[in-house]
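Dear colleague,

Please find below the structure that I am handing over to you.

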Amino acid sequence: MREIRNFIAGEWKSTASSIDDVSPATGEVVAWVPRSGQAEVDAAVAAAREAQPGWSRLSTQERSRYLLRIAERLEARAEELTNLESLDTGKPVALAASMDIPRAIANFRFFANAVLHDSPGCHPVDQSAINYTLRKPVGVCALITPWNLPLYLLSWKAAPALAMGNTVVCKPSELTPLTAHALADIVRDVGLPPGVFNVVHGYGAEAGDALVRHRDVKLVSFTGGTQTGAKVAEATAASFRKTSLELGGKNPTIVFADADRAKAIEGAVRAGFTNQGQICLCGSRVLVEQSIHDEVVEGMTRRLAKMRIGDPKDPSTQLGALVSAAHREKVEGYIKLALEEGGKIAHGGGRPRLPGPLANGFFLEPTIITGLSSKARAATEEIFGPVVTVHPFDDDARAISMANEVRYGLAASVWTRDLSRAHRVAAAIDSGMVWVNTWMMRDLRVPFGGMKDSGLGREGGVYSLETFSEARNVCVAL
Ligand code: TXE
């Protein structure tokens, strides 16, 4: 049994009561997590506040070097981190090894370098004046992260926040605390000054809420559900504190008849089911041109039938467990709802039978539902599990209107060989990101974030440097 502790002012701290951390693959308790409240949050914010001036006075080079050392230590411990992430989330070890941990390392490296190449604007006014922009640290940043990509998303926020001279208090998901704990250990190892990086574990409604309401927290960067995002926005709005929200999605995968079918089918499966469909970018609404609807459904079904579902620790496993019993029930509730709304199950729909301790895990078959109205609740609300709905369309205009008829606007993928159609459709979809003939091909320089109920603000590359700083213009008369 592991004991997870808070990391405050460079020291490990326990709390009086704890939360059980359950392995999604077996239902067993694998760790105790601190159940923090106001007192722990106050201590962490005070530590971060005290450390901030000294941290921001270091040269950019020095801060960059700390981040590079963190990246090196993450790399040295990659195998251990991969296993922890898989144990905690139920995701296949192969996925944690190929995506989560390499991305966490890349995030620290990328922002360690990006900050050295930052060149905020300069605006000369003929011969009369010159304006230049300074990017100042914001102060103490609260970083609130979810359970689907724990270290990946924590590093995505922590690296740019620290690079820009802020100090941070992290509140990882209570369901997946293990890699945040390991990151705190690494931060200690590399000798980051005490108080620069703090971790407070606990429930969202307790530790999370206390953190976002704390007046000494000057910025909140949150990734999680849309409902929780609305609460965070309410807590920060009246005091005008910077807030970046990356929320839910119901992302369309749009397949035109002129697409490379094999690639489109493979792409739709990858977009729908990677990480058991628990990525905000997952394509859970597959919109297919009428003439190839059945072919795409059959092609996806054939691939899913071959997918290996089971022990996340087995390197050949492709689909692991959902994060919790409650979350699996939510997802199953949507499958039931889809049937009530007139949908038909083309594949999956039930719990797989798995041997030994895995029988108690939170597994669910990858599921395809057809025959639903594109306006049905199951086709428009975020399910966040291994469930996709497939809908036919007749022409480009209908594909675009179906893509835009949901409350979310995070990502989309468009599959076509017609170049001008690709550009036209991409420009017409109301979402922060559109991929053409690919899905989740990430470049850390590009703006990442959503429109509509998918959130507020953009992070990534220079957008992260802007998010985690205050732009100050200085105008000098010549
Ligand atoms: O996430 P929450 P949940 C979606 C997905 C999922 C739904 C709910 O549809 O089914 O959200 O998931 C902390 N103040 N996504 O309930 O609650 C919480 O402790 C401050 C999409 O697990 O949003 C955790 O650290 N913080 C998503 C973090 O917020 C609070 C990823 C996210 O948890 C808080 C996850 C509060 N009042 C779920 N309440 C994505 N965009 O990738 C909770 N938290």
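Strands are taken here as DSSP runs of at least two residues in state E, numbered from the N terminus. In this predicted model, strand β23 covers residues 469-477, and valine 476 lies in it. Valine 476 counts as partly exposed because its relative accessibility is 34%, and partly exposed denotes the range between under 20% (buried) and over 50% (exposed).

The ligand site may interest you next. There are 25 residues around the ligand, of which Trp147, Lys171, Glu174, Lys330 and Glu382 come nearest. For glutamate 382, a polar side-chain atom lies 2.6 Å from an oxygen atom of the ligand. On its own, the ligand has 820 Å² of accessible area, and the protein covers 86% of that.

Finally, I draw your attention to helix α7, which spans residues 204-213. Its buried residues are Ala207, Gly208, Ala210, Leu211 and Val212. Which elements cover them? The cover includes the helices α1 (38-57) and α8 (226-237), together with the strands β8 (140-144), β9 (167-171) and β11 (217-223).

With kind regards

Methods: Residues numbered from 1 in each chain as written. Predicted model: local features only at pLDDT ≥ 70, side-chain atom pairs only at ≥ 80, totals over all residues. Heavy atoms only, no water. Helix = DSSP H or I, 4+ residues; strand = E, 2+ residues; numbered from the N terminus. Buried < 20%, exposed > 50% of the residue type's maximum accessible area, 1.4 Å probe, protein only. Near = heavy atom within 4 Å. Polar contact = N/O pair within 3.5 Å; in protein donor to acceptor, adjacent residues only side chain to side chain. Areas by Shrake-Rupley, 256 points an atom, 1.4 Å probe, with all protein chains shown as cover. Contact = heavy atoms within 4.5 Å.
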